[in-house]
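Student: I would like a close look at a single part of this model. Please keep it brisk.

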Amino acid sequence: MKYIILLGDGMSDEPISELGGRTPLQAAQTPNMDALARDGELGLVQTVPPGYHPGSDVANLSVFGYDPKTCYSGRSPLEAASMGIHLGPADVAFRLNLVCLTPHYGKLYMEDFSAGHISTGEARQLIAMLEEELGGGPFEFHAGVSYRHLMVWRGGRDQMTFTPPHDLSGQSVENHLPRGEGAEELIHLMTSAQMLLNNHPVNVRREKERQLPANSIWLWGHGKAPRMATLQERYGLSGAVVAAVDLIKGIGVYAGLEVVEVPGATGYLDTNYRGKADYALEALKTRDFVYLHVEAPDEAAHSGMLDEKIRAIESFDREVVGPVRAGLKALGPHRILVLPDHATPVRKKTHTDQPVPYALFDSAAATQPDSDRREYSEAAAKRSGVHVAEGWRLFERLVRGAAH
Ligand SMILES: O=C(O)[C@@H](CO)OP(=O)(O)O
């Protein structure tokens, strides 16, 4: 038996008046996800436990089959694992976004949490400069993908509160700076970084080309290394993870999966959708399980781009779900789980913790009797009456059958 999870980050949404009250999932052409909903189990799943911030970290831990209440210790320790950064028990990792802040009437506003989706090549130059100028002591600066980077505070403080920058789009950052013991040291770092980034050649060129400068850093998603049993230890499963972003690859590392690097996988709208499907099918020839993640729908929604979100959903269905469905037929009995990690409503430009629609297809199971007019959507999933209240239990149903 082969198992695969196909995850469109932030894919679900809310009814939108411009779409006649439909959601992007309903407006998009998704024949492959509709077929999985028609021929499989369709339901809602609560990936974000009550009381947790609806981040992709918590939500994807649930989808990987891990109860966040028992293992979640912050986002960036997971990203550190993907980047090969060792964390000792006293070390604290922080996500470091390269962002663009703009001044208005004496206050700084979050112009763009991604600094105009700065390229990884440009970002690496800026992170190297910050390591050169501000590193060497307890603080370390490590380059990741595009605007997503990491700072490690060796022996640092971890009892602080932060706000994710993508929750602040267009807002003053004045009341959202780090708070708690040690925050003043981090705010000093952020201020020092601003002075160093201002007029850096990368930013001078970006502004000349009318691109947003990465004029600030934003720290958030902190934590210490988690303790997680691998999927081999828990279910005897071998597996691989196919993703562009370090968060998902890092969860895969802790889950004991092989990280499959796909050329052209960008974590953005221009990613290599079909390449992810092809590499996932190749991995399944020799492994039991693959987790395939596409970031694009979430990035479109964070930027408030409705047409781009619909386009990303359609690309995910056509270039990922379709080829995986076709390719799996040659590999024998299989189960496919398709879902988002969380909703990212375009109108809100950030995540919500509402339950998300899933379709769980089993090649050996009979087609659901009442499914002839099913679509894969939030409303159809709600009509099904199926609701998995603890999201991490859905993984059990994937690998042990729907009876669980
Ligand atoms: O990587 C990030 O910074 C966030 C926002 O884009 O992505 P996700 O919501 O998938 O964690």
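Predicted model: local features only at pLDDT ≥ 70, side-chain atom pairs only at ≥ 80, totals over all residues.

How many of the nine residues of helix H10 (residues 246-254) are buried?

Tutor: Helix H10 is mostly covered, with eight of its nine residues buried. They come in a run and one more. The buried residues are Asp-246, Leu-247, Ile-248, Lys-249, Gly-250, Ile-251, Gly-252 and Tyr-254.

What do they pack against? There are helices and strands among the partners. The helices are H3 (56-63) and H5 (76-82). The strands are S5 (139-145), S10 (239-242), S11 (258-260) and S12 (289-294).

Now follow the chain past the helix. Gly-256 comes after H10, and its phi is positive, near 80°.

Next, strand S11, one of the partners of the buried H10 residues. Val-259 lies in this strand. Buried would require under 20%, and exposed over 50%. Leaving aside neighbours within four places in sequence, Val-259 touches Val-241, Lys-249 and Val-253. Of these, Lys-249 is one of the buried residues of H10. Val-259 and Asn-60 are 199 residues apart in sequence, and their C-alpha atoms are 16 Å apart in space.

A polar side-chain atom of Ser-56 lies 2.9 Å from a ligand oxygen atom. Asp-9 also places a polar side-chain atom by a ligand oxygen, at 3.2 Å. For Asp-298, a side-chain N or O atom is 3.0 Å from an oxygen atom of the ligand. The ligand has 310 Å² of accessible area on its own, and the protein covers 98% of that. In total, 14 residues surround the ligand. The closest are Arg-75, Tyr-147, Arg-148, Glu-295 and Glu-299.

One helix pair for comparison. Two packed helices are described by the angle between their axes and the distance between the axes. For H6 (residues 120-134) and H8 (residues 201-208), the axes come within 9 Å and cross at roughly 145°. H6 contributes Glu-122, Gln-125 and Leu-126 to the contact, while H8 contributes Val-202, Asn-203, Arg-205 and Arg-206. By type, the contact residues are two nonpolar, two polar and three charged.

Technical notes
Residues numbered from 1 in each chain as written. Heavy atoms only, no water. Axes fitted to C-alpha atoms, helices over the stretch in contact; angles between N-to-C directions. Helix = DSSP H or I, 4+ residues; strand = E, 2+ residues; numbered from the N terminus. Contact = heavy atoms within 4.5 Å. Nonpolar A, V, L, I, M, F, W, Y, C, P; charged D, E, K, R; others polar. Near = heavy atom within 4 Å. Polar contact = N/O pair within 3.5 Å; in protein donor to acceptor, adjacent residues only side chain to side chain. Areas by Shrake-Rupley, 256 points an atom, 1.4 Å probe, with all protein chains shown as cover. Buried < 20%, exposed > 50% of the residue type's maximum accessible area, 1.4 Å probe, protein only.
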